[in-house]
Amino acid sequence: MTSTKRRHERIESLNLLSYACVDEAGEIVAQGMGRTLNVSEGGIMLETHESISTSRIRLTIGFKDDVTEVEGQVAYTKEGGNQRSQTGIEFVRPDAEASNVIKRYIEAFNRQAD
């Protein structure tokens with residue numbers, strides 16, 4: 001689950017989300033739906049049917065009863081199984097509310113796992 005290179009522990013977690021790819025001017029160039037494969041306080045692994053073609057992305061993620069919005073920077077993209085793409089996304093300056101929602105979700109997940 002963890003690696004010595006990672007700053008945050010990642011948990012395997014499937015959560016639906018919507019995303020909007022934005023260009024350098026902040027304009028939306030593509031939108032879609034996907035799901036998380038894993039989550040950490042610093043980012044997510046996103047699985048989509050379409051490859052993410054921009055470096056900036058806006059995410060709306062549902063964590064149980066909480067929905068939060070956060071911006072991210074694409075770290076890498078690779079082809080996964082079943083003709084799906086997997087994209088590693090690092091959160092970019094999440095606001096306090098988004099950070100709290102993500103942190104609470106990870107803490108609740110860890111309590112269930114114990």
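This is a guided tour of one predicted protein model, stop by stop.

**Before you start**

Residue numbers count from 1 along each chain as its sequence is written, and side-chain values use heavy atoms, with hydrogens and water left out. Because the model is predicted, local features need pLDDT of at least 70 and side-chain atom pairs count only at pLDDT 80 or more, while totals for chains, interfaces and linings use all residues.

**Stop 1: colour by confidence**

Colour the chain by pLDDT, the predictor's confidence in each residue, from 0 to 100. The protein chain averages 88, and 93% of the residues score at least 70. Now pick out the helices (H or I, at least four residues) and strands (E, at least two), which are DSSP runs numbered from the N terminus. Confidence is lowest in strand E1, residues 11–12, at a mean of 84. It is highest in strand E7, residues 85–91, at 96.

**Stop 2: the nonpolar core**

A nonpolar core is a set of buried Ala, Val, Leu, Ile, Met, Phe, Trp, Tyr and Cys residues joined through side-chain atoms within 4.5 Å. Buried means under 20% relative accessible area, exposed over 50%, and partly exposed in between (1.4 Å probe, protein chains only). The largest such core has 21 residues. Select Ile 44, Leu 46 and Leu 59, the residues with the most contacts inside this core. Strands E2 (16–22), E4 (43–48), E5, E6 and E7 and helix H1 each give two or more residues to this core. H1 gives the most, with 5 residues.

Stay on Ile 44 and show its contacts, meaning heavy atoms within 4.5 Å. Leaving out residues up to four places away in sequence, Ile 44 touches Arg 10, Leu 17, Thr 36, Asn 38, Val 39, Leu 59, Ile 61, Thr 87, Gly 88, Ile 89 and Phe 91.

**Stop 3: the aromatic pair**

Rings of Phe, Tyr and Trp (its six-membered ring) pair if their centres lie within 6.5 Å; planes under 30 degrees apart count as stacked, over 60 as edge-to-face and the rest as tilted. The structure holds 1 aromatic pair. Select Phe 63 and Tyr 105: this pair is tilted, at 4.7 Å centre to centre and 40 degrees between the planes. Phe 63 lies in strand E5 and Tyr 105 in helix H1, so the pair ties together parts that are 42 residues apart in sequence. Phe 63 and Tyr 105 are buried.

**Stop 4: salt bridges**

A salt bridge is a side-chain nitrogen of Lys or Arg within 4 Å of a carboxyl oxygen of Asp or Glu. The whole structure has 4. Select Glu 71 and Arg 56, whose closest N and O atoms are 3.5 Å apart. Glu 71 lies in strand E6 (residues 66–79) and Arg 56 in strand E5 (residues 56–63), so the pair ties together parts 15 residues apart in sequence.

Arg 58 in E5 and Glu 71 in E6 are 13 residues apart. Arg 56, Arg 58 and Glu 71 are linked in a network of salt bridges. Glu 71 is partly exposed at 32% relative accessible area, and Arg 56 is partly exposed at 24%.

Move to Arg 104 and Asp 66, a salt bridge with closest N and O atoms 3.5 Å apart. This pair links helix H1 and strand E6, 38 residues apart. Arg 104 is partly exposed at 44%.

**Last stop: Asn 100**

Select Asn 100 in helix H1, residues 96–113. Asn 100 is partly exposed, with a relative accessible area of 42%.
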